[in-house]
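Visitor: I'd like a close look at one part of this model, please. Could you pick a residue, walk me through its surroundings, and then show me how the rest fits around that picture?

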Amino acid sequence: MDVKRHSRPEEAASALADTRSRQTSARVSDDVLLDAARECVLAVGVRRTTLAEIARTAHVSRMTVYRRFPDVRSVLAALMTREFSGLLKQANHAGDEAAHIRERLVRIAAAAVTELSADPLFRTLLDVDPELVLPYIVERLGATQNFAEQVLRHLLEAGHQDGSIRRGEVVTQARSILLVVQSFAFSLRPATADVDEPALLDEFRHILDASLRP
């Protein structure tokens, strides 16, 4: 049986529209959608950001967004992972001129605190939707925290090898440093309302360096 000859015009039009939608979706990169999501969050906060608004900002159909991300939460999770992992990768360059691994780790950690605290998306989350950040402090570690911890583990292992870092259980050391770093990152702005920020960061570096020194 020739299906094409017996299909109704509206069915053919619907199939053509669906094909075009799939083609459009395939041409739009995830970064375009995440950039649009970032723009929406910075403008109105997380809770007021919708998939429809993300689609309008990205100049794509809502179906294009739905095909990639089933809901707003999945978009925002991908956005935060991309943004904050990218910041941590940038912070990694702060240790390029370090004399040894301990110094490299301390420099990277201090840069990460500075980068995160100053990041517009991170600041918007803390200012407008702080309750969305709370689970990553009191309930579970997120993808960005896991990424940061992996970086710390590699640095600690290298520091054990070159003798610049006190030997200990890598998993425990990495987790301890992660907790210190995120505490400073989350609280740096209020903590520097009446304390000099460079002085506080110097003390942060001293705390890490002293704790890791053999």
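Predicted model: local features only at pLDDT ≥ 70, side-chain atom pairs only at ≥ 80, totals over all residues.

Guide: Happy to! A word on terms before we start: two residues are in contact when they have heavy atoms within 4.5 Å of each other. Leaving aside residues up to four places away in sequence, Thr-124 touches Val-41, Leu-42 and Asp-129. Thr-124 has a relative accessible area of 14%, and because buried means under 20%, Thr-124 counts as buried. As background, an α-helix has 3.6 residues a turn, so residues three or four places apart point the same way.

Helix α8 is one of the elements that give two or more residues to the lining of the largest pocket; the others are α6 (72–91), α7, α10 (143–162) and α11 (170–191). That pocket holds about 600 Å³ of space. Its lining comprises 30 residues, and those nearest the centre are Phe-84, Leu-88, Leu-116, Thr-144 and Gln-145. The top contributor to the lining is α10, with eight residues.

Another of those lining elements, α7, deserves a moment. This helix spans residues 101–118, and its 18 residues reach 26 Å from first C-alpha to last, close to the 26 Å expected at 1.5 Å a residue. Helix α7 is mostly covered, with 13 of its 18 residues buried.

His-59 has a relative accessibility of 73%, and since exposed means over 50%, His-59 counts as exposed. Its backbone is worth checking as well: phi is near 60°, a positive value in a residue other than glycine.

Finally, the whole chain. The protein chain has twelve helices and zero strands. Of its 214 residues, 38% are buried. Among contacts between residues at least 6 apart in sequence, 67% join residues at least 24 apart. The chain exposes about 12,300 Å², and carbon and sulfur atoms supply 54% of that area.

Terms used
Residues numbered from 1 in each chain as written. Heavy atoms only, no water. Helix = DSSP H or I, 4+ residues; strand = E, 2+ residues; numbered from the N terminus. Buried < 20%, exposed > 50% of the residue type's maximum accessible area, 1.4 Å probe, protein only. Areas by Shrake-Rupley, 256 points an atom, 1.4 Å probe, with all protein chains shown as cover. Expected span 1.5 Å × (residues − 1). 1 Å grid on protein atoms, 1.4 Å probe; cavity = no way out; pocket = protein on both sides within 12 Å on 5 of 7 lines; lining within 4 Å. Points joined across faces, edges and corners; volume = space filled by probe spheres on them.
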